[in-house]
Amino acid sequence: MSSNYGPAFEPIEWHRNRVRILDQTLLPGDVRYIETDDYRVVADAIRRLAVRGAPLIGIAAAYGVALAAARGESATDAAETLRATRPTAVNLGWALERVLAASDVAGEAILIHDEQRAADLRTGELGAELIADGATVLTHCNTGSLATGGIGSALGVIKMAHRQGKRVHVLADETRPLLQGARLTAWELHQEGIPFEIIVDGAAAGLIAGGDVQAVFVGADRIAANGDTANKVGTYGVALASHAHDVPFYVVAPVSTIDARTATGDAIVIEDRGEDEVLSFAGARSAPGGAVARNPAFDVTPAHLISAIVTERGVLRGPFGGAIAELSAREAALR
Ligand code: MRU
């Protein structure tokens, strides 16, 4: 099933003081849901990447606080547990601040979710203008419905261009170690009927150099005040290759992913994950006994490598400092 206005599946749903989360660790093989009224289960799902992607992490955390409130538990304790799950995506703290300040916590969480769906559609329309008919575009990680709850950010732009009738072909980085590209982006592209090929992460630079890619679209977990952008590890390498070969490199993200309180990318905390994710493949140990690994989950792309930042409020061009300050001030005045 595919709809023009929303995801073909719901990655998270709130119903009568319970939350239903699509367990992304099991996709694409198994479509199974986690149902709970306990915020601790939501926190665990975020930690394990059963629910993931910066905007969706924020939505899940907001519903988590709503569960605590519904059971008469402390909203602030719940928020602290949820905040500690993953450090890089700014949407997590942003959504928690919103629900903690609200009198109707569940209502605010539902509003955050609804606003994200609307933001994705607007961003998709703005970003689709950057895709030429017949283009091959490259994307990294998963930035679709599974990452936002709407049509997606970077993947939403690609979906929108396809829905507008443009012929678009996608190269999806597999995104080691957890394969968000090969498992999740491919799952969504298949459902949308968008032609795609999965490539290993190491193939991206060569294909960009060879002229096989007309534009790159990626998401973001945190955008600093100067435009430096943290996203899934491997993004920086793709940005370097794009810059070297004059291929436009676009970051697509909701305004809630902009963190004007963080001056530059140097101050962004990068999540370190367990070494098992690197030393194993599909649940089986792939490295020799005694091998150790380093597993940063994100990297930072400096602003000068980014051609534009596409948001629901417009397309920002570099140098980004002034545009981000203006946008953040406008957003603050709206709240
Ligand atoms: O570790 P993940 O899977 O949560 O990382 C996701 C990403 O890096 C996405 O690109 C980012 O959150 C943007 S999602 C619209």
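Predicted model: local features only at pLDDT ≥ 70, side-chain atom pairs only at ≥ 80, totals over all residues.
1. Next, some individual contacts to oxygen atoms of the ligand. For Gln180, a polar side-chain atom sits 2.9 Å from an oxygen atom of the ligand. Gly53 uses its backbone instead: a polar backbone atom there is 3.0 Å from a ligand oxygen. How much of the ligand's area does the protein bury? On its own the ligand would expose 410 Å², and the protein buries 100% of that.

2. Now have a look at helix H3, residues 75-83. Which of its residues are buried? They are Ala78, Ala79 and Leu82. Looking down the axis of H3, you'd see these buried residues fall within an arc of 100°, so they line one face of the helix. As for what lies over the buried residues of H3, the cover includes helix H1 (39-47), helix H2 (54-70) and helix H4 (90-100).

3. Helix H7, residues 154-163, is worth a stop too. Eight of its ten residues are buried, so H7 is largely enclosed by the rest of the structure. If you want to click through them, the buried ones are Ala154, Leu155, Gly156, Val157, Ile158, Lys159, Met160 and Ala161. Note that a lysine, Lys159, is on that list. Just past the end of H7, Gly165 has a positive phi of about 95°.

4. Last, the aromatic rings. How many aromatic pairs turn up in the whole structure? A search finds three. One of them is Trp14 with Tyr63, and their rings are stacked, with 5.6 Å centre to centre and 10° between the planes. This pair ties together distant parts of the chain: Trp14 belongs to strand E1 (residues 12-15) and Tyr63 to helix H2, 49 residues apart. Helix H2 also came up in point 3, as part of the cover over H3.

5. Are the two partners in that pair buried or exposed? Trp14 is buried, at a relative accessible area of 18%. Tyr63 is buried as well, with a value of 3%. The cut-off for buried is under 20%, so Trp14 at 18% falls within it.

Definitions and conventions. Residues numbered from 1 in each chain as written. Heavy atoms only, no water. Buried < 20%, exposed > 50% of the residue type's maximum accessible area, 1.4 Å probe, protein only. Helix = DSSP H or I, 4+ residues; strand = E, 2+ residues; numbered from the N terminus. Arc of directions from axis to C-beta. Contact = heavy atoms within 4.5 Å. Polar contact = N/O pair within 3.5 Å; in protein donor to acceptor, adjacent residues only side chain to side chain. Areas by Shrake-Rupley, 256 points an atom, 1.4 Å probe, with all protein chains shown as cover. Phe/Tyr/Trp six-rings, centres within 6.5 Å; stacked < 30°, edge-to-face > 60°.
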